[in-house]
Amino acid sequence: MSIAESWNVRRTSKGLVHAFFAQRLTSKVPGVTDVGLKPRQIKKVAVIGGGLMGSRIATALHLSNISVVLNKINLDYLQKGMKTLQ
């Protein structure tokens with residue numbers, strides 16, 4: 001392994017370690033996580049865009065019995081997105 005490759009591996013490794021600990025710290029936010037807040041049940045979700053990703057997200061939510069509103073900027077695109085969902 002060359003010096004450049006070794007440096008890149010160390011840099012990547014340090015970044016992954018940082019991301020790991022940063023994620024752990026977000027579960028311990030003073031004034032938020034220590035006051036006993038409970039997550040609310042999701043009843044309705046708006047999905048902006050009915051393309052490949054948006055239609056798959058809307059389908060997954062619908063299959064989980066969550067009400068979905070699909071938002072598109074163009075009626076033709078909306079109809080195409082609705083076809084994908086069916």
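Is Phe20 buried, partly exposed or exposed, and what is its relative accessibility? In this predicted model, Phe20 has a relative accessibility of 38% and therefore counts as partly exposed. The residue also belongs to an aromatic pair, and a search of the whole structure finds one such pair. Its members are Phe20 and Phe21, whose ring centres are 5.1 Å apart. The two ring planes stand at 80 degrees, so the arrangement is edge-to-face, given that planes over 60 degrees apart fall in that class.

Of the 86 residues in the chain, 12% are buried. The chain exposes about 7800 Å², and carbon and sulfur atoms supply 61% of that area. As for contacts between residues at least 6 apart in sequence, 26% of them join residues at least 24 apart.

With a relative accessibility of 42%, Val32 counts as partly exposed, because the value lies between the 20% and 50% limits. Val32 is also one of the members of a nonpolar patch on the surface, together with Val29, Val35 and Leu37. Taken together, the four residues of this patch have about 340 Å² of accessible area.

Which residues does Val47 contact once its neighbours within four places in sequence are left aside? The list comprises Gly54, Ile57, Ala58, Leu61, Val68, Val69, Leu70 and Asn71. One of these partners, Ile57, lies 10 residues from Val47 along the chain, with 7.6 Å between the two C-alpha atoms. For orientation, helix α2 spans residues 52-63, while strand β2 covers 67-71.

Helix α2 also contains Ser55. At a relative accessible area of 0%, Ser55 is buried, the limit for that class being under 20%. A polar atom of the Ser55 side chain lies 3.2 Å from the backbone oxygen of Leu52. That separation is within the 3.5 Å cut-off used for a polar contact.

What sets the backbone of Asn65 apart for comment is its phi, a positive value in a residue other than glycine. The angle is near 60 degrees. In general, most residues other than glycine have a negative phi. Asn65 is found in the loop between α2 and β2, and its relative accessible area of 73% makes it exposed.

Turning to helix α3, which runs over residues 75-85, Gln79 is found within this element. Gln79 has a relative accessible area of 47% and is partly exposed. How far apart are the C-alpha atoms of Gln79 and Gly50? They are separated by 8.9 Å, although the two residues are 29 residues apart along the chain. Met82 has its place in helix α3 as well, and with 37% relative accessibility this methionine counts as partly exposed. Its C-alpha atom is 9.6 Å from that of Gly51, while 31 residues separate Met82 and Gly51 in sequence.

Note on methods. Residues numbered from 1 in each chain as written. Predicted model: local features only at pLDDT ≥ 70, side-chain atom pairs only at ≥ 80, totals over all residues. Heavy atoms only, no water. Phe/Tyr/Trp six-rings, centres within 6.5 Å; stacked < 30°, edge-to-face > 60°. Buried < 20%, exposed > 50% of the residue type's maximum accessible area, 1.4 Å probe, protein only. Patch = residues over 30% accessible without salt bridge, like charges linked within 9 Å, V, L, I, M, F, W, Y side chains within 5 Å. Areas by Shrake-Rupley, 256 points an atom, 1.4 Å probe, with all protein chains shown as cover. Salt bridge = Lys/Arg side-chain N within 4 Å of Asp/Glu carboxyl O. Contact = heavy atoms within 4.5 Å. Helix = DSSP H or I, 4+ residues; strand = E, 2+ residues; numbered from the N terminus. Polar contact = N/O pair within 3.5 Å; in protein donor to acceptor, adjacent residues only side chain to side chain.
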